[in-house]
Amino acid sequence: MKKTFFTLLLMMLATLGMLGCNSNTGTDNTMIQTDSSEQRWWKEAVVYQLYPRSFKDSDGDGIGDLKGIMEKLDYLKSLGVDVVWLNPIYSSPNDDNGYDVSDYRGIMPEFGTMQDFDALLKAMHEKGLKLVMDIVVNHSSDEHEWFKQSRSSRDNKYRDYYHWWPAEKGKPPYRYSLFDVNHDAWRYDSLTNAYYLHYFGVKQPDLNWENPKLRQEIYDMMKFWAEKGVDGFRLDAFQFAAKDTTWPELPKGYEKEFAKHVAMKPAIHGYLQEMYEQVLSKYDVMSVAEGAGNSFEDAHNLVDADRKELNMAYAFEAIDLAKSSGYDLLQFKQVFSKWDSAFAQKGWLSIFLANHDNARMVTRWANDSPEYREVATKMLNTFLLSMRGTPYCYYGDELGMNNPGFTKITDYKDGPSLNDYTYKLNNGMKPEDILKEMQFSCRDNGRTPMQWSNAAQAGFTTGVPWIAVNQNYTTVNVAMQEKDDNSCLQYFKRMVSLRKAEKALVYGKYTLLDAGNQQVYAYTREWQGKKLLVLLNFSDKPATANTGVKTANAKVLIHNYSTTPSATLRPYEAVIYGL
């Protein structure tokens, strides 16, 4: 299958993402322009994305929670990471695992209480860890009080918090829904004889950002969390927040270029500038927005400091390259290199290979067979932590967790994925073909419980986990890897330490070498007279690279095999030389 539902979704959602931070805590709304070599804490930070539902369960109900995270803060600190990004923990009916919020100032009972959150935030700060929260403000849950009021009558004061189309005008112009079982974004509601818009699930009505009262509610909500001391916000699916509410007819088949037609409408810049003025400029917070347009021009319009919107770009173009049939390393190198070039003099990038909307890193980008899983994981983490940009590490990837290999549709729990399964069945696909692709690409593959030990359920819970644990937990887990100096976990810690010690890996100039090599990704990083060479074999065969760089007298700074590297790289071998 050339494009699965979720690879298409991610291409649409995140052609590019944004990350920003303002270290100015004053209220004069000024921001200093920085070039790519100027030092800032958020450039040097390593971000760890933690999926709360799957990290650690403290009460035996099978669902990870805030107290569970609290139990594992020493582990997080031991990794050397600086920032923890939590997926949504707000009150929610969980139609989309928390991305359907019913109360932006409440905590989902499954995760704990506000007191648990306050205690967690305090404990994280005491350990020197920062916390970034997910803010879902393109849409809410249909169980949010705003929507309950909005749908109650046409003259309700909350009516214009959402997008409505009166049925007496006929059917609204077609809009594609990413998560709806029929991919139709207009849902008829008989209570007021009108349709409401939902670019995502039917229980996720889109908020109307044209309404200044709605915008103020959101800014006030963000201030609520900022006053508690959170260190940043990720704005989920924000590139879709601005809509063309004249609702023009769009070309037939436009969903193949969904973002091009419905994302990054001009009003988004005014919304972000207003958000910056009211919230982001007043607190020392990172601001992360998923989705930033379709071009470098779009990206710089959002991140250039004089615009007072956001200030760190997050290149996401590579996400659709990984297919179950494989991918082209030359294209992979080209994509990462062109984004680095575009931000070499101005702005900043983030680097990642996995998140909650993707399957596992080592399965997608390398080789998760027993023979190669460990060395391939180490190689990918070498890449992730040696590129220019702020690295985002997804929970479990420090261990080499891989796709679980689910064989039945009942193994999967993600509502949108199940909807897509039904859609494909209804359109003539065979169940076995759909399941085969889901084994590779379904985002539930990246949401299985963290593997803490070889105890029952991987030490994640004393109950029945909300989604099955990967059966290799008896050999792939934290407890075993902490005792093994050659483990993926210990290598990850060493690589994080190397990045922090060698600022050339953070700020250094990036130069691609041997660009046409089909197996090896080779590049140098240079900063303040220091030069490093990175060699990464992305294949399961021996390989050499024509770099033109002599390594005979170079120092090996890190290496993912236990024996000395040579001119020929072994399968998935990674080495960084100090020149």
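Visitor: Hi! Which residue in β9 is the bridge partner of Trp-164?

Guide: Hello! The bridge partner of Trp-164 in β9 is Tyr-196. Residues are numbered from 1 along each chain as its sequence is written, and side-chain values use heavy atoms, with hydrogens and water left out. This is a predicted model, where local features need pLDDT of at least 70 and side-chain atom pairs count only at pLDDT 80 or more, while totals for chains, interfaces and linings use all residues.

Visitor: Good to know. And what do you call a strand or a helix here?

Guide: Both are DSSP runs numbered from the N terminus: helices are H or I with at least four residues, and strands are E with at least two.

Visitor: Back to β9, then. How many bridges join β7 to β9?

Guide: Strand β7 (residues 164-166) runs antiparallel to β9, with 3 bridges joining them. Two strands are said to pair if DSSP finds at least two bridges between them. Strand β8 (residues 186-189) also pairs with β9 in the antiparallel sense, over 4 bridges, and there Tyr-188 stands opposite Tyr-195.

Visitor: What sits between β8 and β9?

Guide: They form a hairpin with 4 residues between the strands, and Asn-193 takes a positive phi near 55° in this hairpin.

Visitor: Which way do the β9 side chains point?

Guide: In a regular strand, side chains alternate between the two faces of the sheet. In β9 (residues 194-197), Ala-194 and Tyr-196 point one way and Tyr-195 and Leu-197 the other, and all are buried. Buried means under 20% relative accessible area, exposed over 50%, and partly exposed in between, using a 1.4 Å probe and protein chains only.

Visitor: Where else is there a positive phi on something that isn't a glycine?

Guide: Most residues other than glycine have a negative phi. Trp-247 has a positive one of about 50°, and so does Asp-514, also about 50°.

Visitor: Are those two buried or partly exposed?

Guide: Trp-247, in the loop between β10 and α8, counts as buried at 9% relative accessibility. Asp-514, in the loop between β15 (509-513) and β16 (520-527), counts as partly exposed at 23%.

Visitor: What happens at the start of α11?

Guide: A side-chain oxygen of Asp-328 comes to within 2.9 Å of the backbone nitrogen of Leu-330.

Visitor: And which of its residues are buried?

Guide: Among them are Leu-329, Phe-332, Val-335, Phe-336 and Trp-339.

Visitor: How many aromatic pairs does the structure hold?

Guide: There are 48 aromatic pairs. Rings of Phe, Tyr and Trp (its six-membered ring) pair if their centres lie within 6.5 Å; planes under 30 degrees apart count as stacked, over 60 as edge-to-face and the rest as tilted. The rings of Tyr-174 and Tyr-254 have centres 6.3 Å apart and planes at 70°, so this pair is edge-to-face. The pair links distant parts of the chain, 80 residues apart: Tyr-174 is in the loop between β7 and β8, and Tyr-254 in the loop between β10 (232-235) and α8 (258-262). Tyr-174 is partly exposed at 38%, whereas Tyr-254 is buried at 3%.

Visitor: What about Phe-336, which ring does it pair with?

Guide: Phe-336 pairs edge-to-face with Phe-383, at 5.1 Å centre to centre and 80° between the planes. Phe-336 is in α11 and Phe-383 in helix α13 (residues 373-384), 47 residues apart. Both belong to a cluster of linked ring pairs, including Tyr-327, Trp-365 and Phe-538.

Visitor: Where does a charge lie over a ring?

Guide: Arg-53 lies over the face of Trp-466, 5.6 Å from the ring centre, and Lys-130 lies over the face of Trp-41, at 4.6 Å. The rule asks for NZ of Lys or CZ of Arg within 6 Å of the ring centre and within 35 degrees of the ring normal.

Visitor: Last one: how many disulfides?

Guide: The count is 0 disulfides, where a disulfide is a pair of cysteine sulfur atoms within 2.5 Å.

Terms used: A polar contact is a pair of N or O atoms within 3.5 Å; within protein, one must be able to donate a hydrogen and the other to accept it, and residues adjacent in sequence count only if both atoms are side-chain atoms.
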